Amino acid sequence: MGREREAPKQQQTAAYTVEQLVAFNRYNPDILPDLENYVNDQVSSQTYSLDANLCLLRLYQFEPEKMSSQIVARILVKALMAMPAPDFSLCLFLIPERVQMEEQFKTLIVLSHYLETGRFRQFWDEAAKSRHIVEAVPGFEQAIQSYAIHVLSLTYQKVPRTVLAEAINIEGLSLDKFLEHQVANSGWVIEKSQGRGQLIIIPRNEFNDPALKKNAADSVPLEHITRIFPILS
């Protein structure tokens, strides 16, 4: 009992104490303010803790009158930024359906669907209409761009410049600078194709090149499976 009282006092200065709260005191509603503050800390410091956020969503289930829509929205935005991990679905599972029907959460669910299905143009169009939601979390655009590149790298060895531009929502000189960075740091190669504009050659991997495909390539990563178990506890 004594330890449970001491930990929240130290939480303001040491992030690891939040993990202690989640590990040893996860069903105590008194830690709600600490976990809410930690969500805001994750936003400002561009860090992320799925376990702490899931713990907070569980506590909201027991204390629905204390639920903060702003905090829940930030948790879901951070979960989107973690794709291709299944964090968004894990978080959504703990949010009551009546809450999901609020406009901002309906928008985030639509955005998640577009990302899961690789419909990046629709995603960026919808995100532009909801800047007040997504821009409240620094690093959102960059995280989604990284996810889009991940998806393209699973499918293409050579990506038309126009397809890349649409997927990451960058054009013109900004895209030129982005490509220069990728060429210098990620092994990309730019190939000029007659009459079809630039083609971007992405390094080969086991997904875009059958010759490199491993026998276990279709298996689900263990880390993704283990994230499901806390939900069931």
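User: In this predicted model, which residues does T47 touch, not counting residues up to four places away in sequence?

Analyst: The model is a predicted one. T47 lies in the loop between α3 (32-45) and α4 (50-62). Leaving out residues up to four places away in sequence, T47 touches D41, Q42 and K78.

User: What distance separates the C-alpha atoms of T47 and K78?

Analyst: K78 is among the residues that T47 touches. The two residues are 31 apart along the chain, and their C-alpha atoms are separated by 9.1 Å.

User: With which side chain does the side chain of T47 make a polar contact?

Analyst: The side chain of T47 takes part in a polar contact at 2.8 Å. The partner is the side chain of S45.

User: Is T47 buried, exposed or partly exposed?

Analyst: The relative accessible area of T47 is 37%. Buried requires under 20% and exposed over 50%. T47 therefore counts as partly exposed.

User: Is Q100 buried or exposed?

Analyst: Q100 is found in helix α7 (residues 97-100). Beyond four places in sequence, Q100 touches L92, I95, F105, K106 and I109. The relative accessibility of Q100 is 17%, and the limit for this class is under 20%. Q100 therefore counts as buried.

User: Which residues touch the most other members of the largest nonpolar core?

Analyst: This core has 66 residues. Those that touch the most other members are L35, L108, F123 and L164.

User: Which residues is L35 in contact with, leaving aside neighbours within four places in sequence?

Analyst: L35 is one of the core residues that touch the most other members. With its sequence neighbours within four places left aside, L35 is in contact with V18, V22, A52, C55, L56 and L59.

User: How many nonpolar residues does the contact of α5 with α11 have?

Analyst: α5 and helix α11 (residues 140-155) pack at an angle of about 35°, with axes 8 Å apart. V77, L80 and M81 in α5 meet F140, A143 and I144 in α11. The contact has no polar and no charged residues, and its nonpolar residues number six.

User: Why is α12 described as roughly perpendicular to α13?

Analyst: Helix α12 (residues 161-168) and helix α13 (residues 172-185) pack with their axes 11 Å apart, at an angle of about 100°. Angles of 65 to 115 degrees count as roughly perpendicular. The orientation of α12 to α13 is therefore roughly perpendicular.

Conventions: Residues numbered from 1 in each chain as written. Predicted model: local features only at pLDDT ≥ 70, side-chain atom pairs only at ≥ 80, totals over all residues. Heavy atoms only, no water. Helix = DSSP H or I, 4+ residues; strand = E, 2+ residues; numbered from the N terminus. Buried < 20%, exposed > 50% of the residue type's maximum accessible area, 1.4 Å probe, protein only. Contact = heavy atoms within 4.5 Å. Polar contact = N/O pair within 3.5 Å; in protein donor to acceptor, adjacent residues only side chain to side chain. Core = buried A, V, L, I, M, F, W, Y, C linked by side-chain atoms within 4.5 Å. Axes fitted to C-alpha atoms, helices over the stretch in contact; angles between N-to-C directions. Parallel < 35°, antiparallel > 145°, perpendicular 65-115°, else oblique. Nonpolar A, V, L, I, M, F, W, Y, C, P; charged D, E, K, R; others polar.
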